[in-house]
Structure formats: structure tokens, C-alpha cells
Number of protein chains: 2
Amino acid sequence: MYSSNPAEQVKPTIQNRNALNLDSSQAVRTAFFISDGTAITAETLGRAILSQFASVPFETRVLPYVDSLERADDAVEQINMAYQRDGLLPLVFDTIVNPEIREKINAAESCNLDMYEGLIGRVAEETGVEPDGHSGHAHDDVDSETYKERIDAVHFALDNDDGARTRHYNAADIILIGVSRSGKTPTSLYLALQFGIRAANYPLTEDDLYDNQLPKALRDHKDKLFGLLIDTDRLVKIRQERRAGSRYSSYQQCQQEQRAIQGIYITHGIPSLDVSEMSVEEIATRILQMTGLKRRIG
Amino acid sequence: MYSSNPAEQVKPTIQNRNALNLDSSQAVRTAFFISDGTAITAETLGRAILSQFASVPFETRVLPYVDSLERADDAVEQINMAYQRDGLLPLVFDTIVNPEIREKINAAESCNLDMYEGLIGRVAEETGVEPDGHSGHAHDDVDSETYKERIDAVHFALDNDDGARTRHYNAADIILIGVSRSGKTPTSLYLALQFGIRAANYPLTEDDLYDNQLPKALRDHKDKLFGLLIDTDRLVKIRQERRAGSRYSSYQQCQQEQRAIQGIYITHGIPSLDVSEMSVEEIATRILQMTGLKRRIG
């Protein structure tokens with residue numbers, strides 16, 4: 001249903017694999033992430049484990065809300081079909097709390113990797129408390145202060161994106177700065193959604209870069225500034241996706257902007273991070289670590 | 001460092017707990033989420049497991065980037081200090097790949113819950129492939145198509161937030177509609193960041209609500225529309241945070257808007273979801289499930 005591989009239909013089946021003389025180490029194996037909730041937990045841990053086996057071609061399926069026996073039957077059918085098709089036992093990563101549903105899933109033709117079983121048992125043993133047995137909200141309680149903090153942070157990030165407004169900087173937890181397309185916007189939004197942090201962002205454009213001064217709007221908020229840096233090759237590549245062949249995306253322009261902004265960070269003592277090799281998650285986590293900024297949620 | 005509990009300093013220590021005659025079932029226990037990467041995986045699964053023990057008061061600490069023996073020593077010190085302070089063994093959820101670092105962490109005074117060990121071993125056994133042994137990017141590879149899809153989706157969501165622009169709706173994967181403050185914006189951004197889906201959103205305001213017609217901008221895109229519904233009490237509460245005592249946040253107004261929009265969804269056959277009890281993660285996952293919309297990443 002949520003297959004990310006459009007080539008699925010033409011894959012060899014267990015029947016024709018032998019005829020095609022295919023080596024099973026090259027064969028695609030299906031990995032399922034199954035839960036009675038969003039399946040975000042099962043997927044997050046499952047993908048982290050699969051990333052340890054980069055040479056194995058996996059096709060992944062996410063099955064959220066398997067919260068009834070009927071849905072469990074449907075999931076089992078999908079698992080068994082994947083086995084028939086691939087000729088390899090599917091890996092099933094699951095975080096199902098209900099024992100009856102879990103039993104059904106465990107009975108499918110798969111290599112079953114129950115993520116909760118052992119860990120929940122050990123926590124129960126250590127705390128002397130029985131687990132609640134319902135699938136919880138992994139992230140936030142809809143009626144809590146957490147929800148409000150999170151939504152407020154998202155709206156703050158939006159309202160203060162790309163230097164759109166600067167009059168709310170007193171309320172900002174952090175102000176990200178950097179050249180155009182260095183990753184400020186997705187990082188601001190991730191900080192808001194994941195950590196409830198109010199992150200504004202302000203682009204340093206050509207007008208701001210070459211006098212080694214901070215733009216006026218930023219001067220009173222120096223303690224909140226955090227600078228992003230990006231490798232010139234990578235910046236060129238990202239900008240070319242946007243405006244290929246322009247001065248904006250030329251190597252010379254990108255290099256000049258990066259050099260100038262690095263000078264500003266050094267002159268004004270602004271902490272900065274080279275984000276060239278980082279995912280949005282990594283940038284956000286590193287910023288928390290470097291600044292000591294406290295999460296508002298989580 | 002990232003403690004979310006400002007009251008930490010006044011908590012009873014192992015020394016004064018006996019003197020204070022405190023019951024250990026009321027005592028706060030510390031849970032650590034530790035990784036050599038962002039610790040997102042350890043935290044996600046760890047919190048899901050803790051949510052099964054709602055009656056136990058936990059204080060949580062996230063320690064990302066424990067990627068050297070020095071940092072491991074520092075983490076061990078924090079774990080041991082928590083044990084001294086709480087008088088209860090801390091729970092340590094970890095996803096550390098490097099065996100030397102893992103060994104150090106495992107030697108701390110804790111109830112150690114290694115999330116990788118068993119699962120990685122079983123996948124290795126099933127596939128016949130040895131794990132890579134490096135800590136991977138759980139989410140996206142910075143040079144991949146995934147990165148581009150994700151960033152493009154984030155910018156799409158921003159550019160097309162709150163009905164700001166309607167001329168790009170041909171490029172949208174989905175257009176969320178709903179009354180003001182029904183959760184459209186955070187859901188659009190989450191769909192973009194997590195799944196790479198291009199989600200626009202359009203608010204139905206008073207001008208749009210009472211003739212049972214779709215606004216002009218939406219009529220050509222009926223197949224992309226998805227409606228959010230929200231309980232009147234909840235909507236009142238959310239709007240009062242924003243503009244207390246106004247007509248906008250009055251019960252009558254919120255109820256009228258909800259009734260009108262429900263009529264529009266029914267009249268025009270627009271799929272809809274009551275998001276009153278849902279976190280942003282749940283709303284996004286349910287939308288994927290209900291529409292069959294395919295993720296662009298993950």
C-alpha cells in the first residue's frame with residue numbers, strides 16, 4: 001500500500017527465481033513495520049537496524065493501526081504474500097501491545113522481531129509495576145501543555161521564517177542565520193515540531209554579507225544567533241536545483257557568500273555548524289547540544 | 001543537560017530519602033536515552049516503552065553523540081550520579097553500535113536496555129550478512145534524492161500555507177482544508193518533513209462557510225481535498241489561547257463553523273477526519289492510510 005518501490009510488480013517470484021537462476025543474496029527481501037498505532041516507533045527502530053545491513057536490498061512496508069483481529073488477518077496475508085513473492089522470509093518489526101493481535105502477527109511466515117516484548121518485561125521487573133497494556137501516544141497528549149507549546153512553536157517558526165518579521169525576536173529561543181538554501185527553514189520547523197523550540201530564521205543576502213557587520217535587525221539579539229555553514233559544492237548543487245545556470249547558483253557566488261558569512265560568524269563570535277553532511281535531524285540535535293538550549297517538549 | 005524538569009535540584013537524594021521516609025514507588029527514576037548519533041531512535045522507542053508505565057514518575061535525559069570513550073565516561077558519570085540522587089537504578093535505553101563504547105555504558109550502575117543487540121543479531125542470522133557496525137543515518141542520506149524531496153516538500157508547505165497562494169495546487173499531493181486552528185499547518189509541515197508529501201492548506205473562513213459551496217480556488221482540485229474536523233470544546237480552547245473573549249473563540253461561533261464545514265464535506269464528498277483527540281503524528285498517519293497517498297521518502 002505504501003510501497004516506495006514502483007518496480008515491485010516486475011520482481012522475480014519464488015517460482016521464477018530458480019528458473020532465472022538468481023542468487024538469493026541479490027534478492028529483495030520485504031521488511032514490515034507494524035503497529036496498532038502510527039507505527040512511527042516500529043519504523044524508526046526498524047530502519048535504524050536495516051541501515052546496519054546496507055548491502056541487503058530491502059523493500060519496506062509500513063502498516064499502521066493494526067488494531068483489530070481483522071486488520072491483523074489482513075497484515076498476516078500481506079506478510080505471507082511477500083514471502084511467496086520474495087522467496088525470503090520477511091522481517092517483521094512490530095510494536096503491538098494487544099496480546100491477541102500480537103499472537104496473530106507472530107504466527108505469520110516471517111522472521112519476527114518484536115521490539116517491545118523483552119524491553120517492557122525488563123522495565124516491569126525493575127520497577128515492580130505492570131505495564132498498562134494500551135498503545136500510548138508516543139509523542140504528545142492532545143490536551144496537554146505539550147500540544148500548545150508545539151503548535152505555538154510551529155506558528156512561530158512560520159511567522160518568523162526567512163526574515164519575514166523581525167519584531168518578535170524577543171520571543172525567539174534561537175535565530176538561525178545563514179546564506180540562502182543553507183538549511184535554515186527545515187531546521188527551524190524541525191526544532192519546532194520535535195522540541196517545541198521557537199526558532200526564527202534570517203537569511204544573510206548579498207546586501208548583508210560584505211561589510212562584516214551584522215544586519216541591524218540582528219544586533220540586539222546576538223546571544224540568540226546561530227550560524228549555519230555549508231560546503232560550496234553542496235550549496236551549488238542545491239541552488240542549481242532551484243535556478244540552474246544563474247549567478248545565484250554559480251560556484252564563485254556560493255564560495256564568496258560562504259567566505260563572507262564565515263568572517264561574520266568569527267568577527268561577532270557567533271557559534272556555527274557545518275551542516276553539509278547532516279540530515280535535518282542531525283542539525284537540530286547538534287544545535288541543542290552546542291547551545292545547551294532546552295527542549296520545551298519531549 | 002536537556003532535563004525537562006526544572007525541579008531537579010530539589011529532589012530527594014538517596015541520602016535524605018530514608019530520612020524523609022519516602023516511599024520508593026513515588027520516587028522519580030531517571031531514564032536515559034543514549035546513542036552515538038542523534039538518539040532519536042533510542043528516545044522514540046524508549047518513550048513508547050515508558051508510556052506503558054504511566055504510574056511511574058520518570059525524569060528523562062537524552063544524551064546524543066556519545067561517540068568517543070571520553071563521552072562514554074561522561075555519560076557513565078551522569079548515570080551513576082542519577083543513581084546516587086534517585087536511589088533507584090536508572091533505566092538506560094541505548095542504541096550504540098561501537099562495541100567499546102557500548103561496553104562502557106553497559107558497565108554503569110543502571111538497568112541497561114540495549115535496543116540493538118538482540119535485534120541486529122537476529123537480522124544478521126536471518127540474512128547471513130554481518131552488520132556494518134557504523135552508526136547510520138536513520139532518516140535520510142544528505143546527498144540523496146530523499147533530501148531534495150524532503151526540502152522541496154517543506155518549502156512547498158510553507159509557500160502554500162494558509163491559502164497564501166493557490167496557483168501551485170496542480171503540484172500539490174494533497175490540500176488540507178478546515179476552519180481556523182483545526183491543525184492544518186502543523187499537519188502539512190509534518191507530512192512534508194516526515195513523508196516528503198507536498199501538502200497545501202486552505203482555511204475556510206466565514207466568507208466561505210455559509211453557502212455550502214467550495215471556494216473557487218478549490219473547485220478544480222476536489223480530488224486533492226482532505227477535511228479536518230475538530231470538536232467544538234477543543235476548538236474553543238485552542239482559539240481562546242489566541243484571542244480570549246473574542247467572537248472568534250466563542251462557543252457559538254466555533255460550533256457554527258464546525259457544522260457548516262461538515263455540511264460542505266458531506267455535500268462535496270470530501271473525505272474528512274476528526275482530529276480532536278489526535279497528535280500531529282496520528283493525523284498525518286491516518287491521512288496517509290485513508291487516502292492511500294504514497295510517501296515520497298522513507
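1. In this predicted model, chain B is superposed on chain A by a rotation of 180° with 0.0 Å of shift along its axis, at an RMSD of 0.0 Å. The two copies are thus related as by a two-fold rotation axis. Both copies use the same surface, since 100% of the contact residues of chain B recur in chain A.

2. Confidence should be considered next. The average pLDDT of chain A is 87, and 88% of the residues score at least 70. Residues 1–22 of chain A, however, stay under 50 in pLDDT; the model has 38 contacts for them beyond four places in sequence. Where pLDDT is low, the predicted coordinates should not be read in detail.

3. Chain A contains twelve helices and eight strands. Of its 298 residues, 56% are buried. Among contacts in chain A between residues at least 6 apart in sequence, 71% join residues at least 24 apart. The accessible surface of chain A is about 12,800 Å², and carbon and sulfur atoms account for 45% of that area.

4. The largest nonpolar core comprises 104 residues. Those with the most contacts inside this core include A:Ile174, A:Ile177 and A:Leu191 from chain A, and B:Ile174, B:Ile175 and B:Leu191 from chain B. Another core, of 45 residues, lies apart from it; among its members are A:Met115, B:Ala39, B:Val62 and B:Leu91.

5. Leaving aside residues up to four places away in sequence, A:Ile177 touches, among others, A:Lys184, A:Tyr202, A:Leu218, A:Phe226, A:Gly227, A:Tyr265 and A:Ile270.

Technical notes
Residues numbered from 1 in each chain as written. Chains lettered and ligands numbered in written order. Predicted model: local features only at pLDDT ≥ 70, side-chain atom pairs only at ≥ 80, totals over all residues. Heavy atoms only, no water. pLDDT = per-residue confidence, 0-100. Contact = heavy atoms within 4.5 Å. Core = buried A, V, L, I, M, F, W, Y, C linked by side-chain atoms within 4.5 Å. Buried < 20%, exposed > 50% of the residue type's maximum accessible area, 1.4 Å probe, protein only. Least-squares fit on C-alpha atoms with pLDDT ≥ 70 in both. Helix = DSSP H or I, 4+ residues; strand = E, 2+ residues; numbered from the N terminus. Areas by Shrake-Rupley, 256 points an atom, 1.4 Å probe, with all protein chains shown as cover.
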